[in-house]
Amino acid sequence: MAFENFKKTIWSKYIQLETSKICVMEEDCNTKFQGEIGVGKQVKIIGAGRPKVGTYIPGSNIAAAETPADTSVYMNIDQFKYTHFLVDDIDEAQAVDGLMQAYMKGSAEELAATRDAYIAQIAALGGTASTSTAVSDAAGAKTLVDNGLVTLRTNGVKISTPTVLTITPWFYNYLKDYIVNYGTDNMELIRKGIIGMYNGATVKISNNLYNDGTDDYMLLRTKDAVAFAAGISKTEAYRPDLQFSDAVKVLDTYGAKVVRQDELYVIKAHKAQE
């Protein structure tokens, strides 16, 4: 049967790569735990509190060594998403240059949007948030972002620390005159939602930000604020009963957690009624 010649390993790696390339939110997470996980497992993110600074007086003893507090947290790998679609003939699809890539790219795009929405919700509900605000002009949008940046700086986030602001299209329309634009000819940046810089923060646009029914939850964060890991991606082909086509199933498994709340600020805003 055609599906017996399905290039499972090749397409599994392809879809993992494409999904990560398309994701807007994932790129701005701590992803160093990739590959260490499995279905139903936890990832332990090891951390320790910072030691105190003492004053040394020459000729005197210093204080006993302290044991920094354990700040380790666990991240559950509890998201299991899939796509499942028919292919007339897998052998023929793999033989036609670009056809199987088109099928898998479609899966990658849908899985990426689902990943992004999940990461956005985890971040939205895990950070310090502004009050719900109706935005009607550029000044209002700028004030919300400025307040968020002040909060991060007050929390100890250095100006030199890479910071990302992810906003919705309508909010960008208000803020755009304040953004230093990269230009529209860099397709790789555009693909990742990057549109420019504002006050030291990289600015991105996404349609997958969390919304509670009233407010969009726009995110201002460092790349260490949210941890993300994707550990299993399976692709399987088979011949369904009562069908004259082959079918492909794709599984995506992952988890996310806010691990540095002080490095995450959430802008809760909605467009004011005109």
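Guide: Helices here are DSSP runs of at least four residues, numbered from the N terminus, and the model they are read from is a predicted one.

Visitor: Where do Trp 170 and Tyr 174 lie, and how many residues apart are they?

Guide: Both belong to helix 5, which covers residues 169–175, and they are four residues apart, about one turn of the helix.

Visitor: How should I read a pair of aromatic rings, and how many such pairs does a search of the whole structure find?

Guide: A pair of aromatic rings is described by the distance of the centres and the angle of the planes. Searching the whole structure gives five aromatic pairs. For Trp 170 and Phe 171 the ring centres are 5.7 Å apart and the planes stand at 80°, so this pair is edge-to-face, the angle being over 60 degrees. The rings of Trp 170 and Tyr 174 have centres 6.2 Å apart and planes at 85°, so that pair is edge-to-face as well. Trp 170 and Phe 171 are both buried, and Tyr 174 is buried too. Elsewhere, ring pairs join Tyr 118, Phe 228 and Tyr 254 into a cluster.

Visitor: Which charged residue sits over the ring of Tyr 178?

Guide: The charged end of Lys 142 does, at 5.7 Å from the centre of that ring.

Visitor: What surrounds Asp 215, and is that residue with or without a salt bridge?

Guide: Asp 215, in the loop between strand 9 (201–205) and strand 10 (216–222), is buried yet has no salt bridge, because Lys 268, the nearest side chain of opposite charge, is 4.9 Å away and the cut-off is 4 Å. Its side chain makes polar contacts of 2.6 Å with the side chain of Ser 132 and of 2.6 Å with that of His 270. Leaving aside residues up to four places away in sequence, Asp 215 also touches others, including Thr 133, Tyr 210 and Ala 269.

Methods
Residues numbered from 1 in each chain as written. Predicted model: local features only at pLDDT ≥ 70, side-chain atom pairs only at ≥ 80, totals over all residues. Heavy atoms only, no water. Helix = DSSP H or I, 4+ residues; strand = E, 2+ residues; numbered from the N terminus. Buried < 20%, exposed > 50% of the residue type's maximum accessible area, 1.4 Å probe, protein only. Lys, Arg positive; Asp, Glu negative; His and termini not counted. Polar contact = N/O pair within 3.5 Å; in protein donor to acceptor, adjacent residues only side chain to side chain. Contact = heavy atoms within 4.5 Å. Phe/Tyr/Trp six-rings, centres within 6.5 Å; stacked < 30°, edge-to-face > 60°. Lys NZ or Arg CZ within 6 Å of the ring centre and 35° of its normal.
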